[in-house]
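Hello,

Here is the structure we talked about handing over. Please have a look, then read my notes below.

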Amino acid sequence: MQVIKDLPSPVRTTAAVHPLPVYDKLTSLVSSNAVVVFTISGCCMCHVVKQLLFGLGVGPTIVELDRDASGTDIHALLFRLSGAAGVQPQLVVPAVFVGGKFLGGIESVMACHINGTLVPLLRDAGALWL
C-alpha cells in the first residue's frame, strides 16, 4: 500500500488556502531532506513512527510542532493538505514525508512497513544505504 502524494502547488492568490511563508518552509524542509517527520512532543504515535525509523537505521529530520516557532501554522497547513476534513487536528501527526512526498501518518507508515514497501521507499529516497 503506497499512499504517497505530491504536495499541491500553492495558490498564490488565496492566502487562506496556503499561507506562503509556511508553505514555502514546509516544501523547503521536505524537498531538502530524505525523510521528514512532523510530530508533537508527547504523542505516542509520533514516538512509534520515530522509533520505527530509527530502528531501520534512518535519521529523519524531526520537527516537533509544539516546540517550533511556526509549529501552529505548519500544523494547520498539514491538516489542510491531509484532506482531514471533519477529523480532529491532532490526528494529523505524525506526518511523514519520504523523498519530498507525503507518505502519510502512522497507519500508512505501518502498512508500508508490514507489506515490505517502506524499506524500498526509504532506499529510493536516499535515507538508507542497504
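Of the protein chain's 130 residues, 37% are buried (under 20% relative accessible area; exposed is over 50%, partly exposed in between; 1.4 Å probe, protein chains only). The model is predicted, so to speak for local features pLDDT must be at least 70, and side-chain atom pairs count only at pLDDT 80 or more, while totals for chains, interfaces and linings use all residues. Numbering runs from 1 along each chain as its sequence is written, and side-chain values use heavy atoms, without hydrogens and water.

The accessible surface is about 6700 Å² (Shrake-Rupley, 1.4 Å probe). Carbon and sulfur atoms hold 58% of that surface.

The fold has 5 helices and 4 strands (DSSP runs: H or I, at least four residues, for helices; E, at least two, for strands; numbered from the N terminus). Their order is α-β-α-β-α-β-β-α-α. Take the contacts (heavy atoms within 4.5 Å) between residues at least 6 apart in sequence: 60% join residues at least 24 apart.

Now the aromatics. The whole structure has 2 aromatic pairs (Phe, Tyr or Trp rings, the six-membered one for Trp, with centres within 6.5 Å; planes under 30 degrees apart are stacked, over 60 edge-to-face, the rest tilted). F38 and F97 are edge-to-face, because their planes stand at 80 degrees, with ring centres 5.8 Å apart. F38 lies in strand β1 (residues 35-39) and F97 in strand β3 (residues 95-98), 59 residues apart. F38 and F97 are both buried. F97 also pairs with F102: centres 5.2 Å apart, planes at 55 degrees, so tilted. F102 is buried too.

Best wishes
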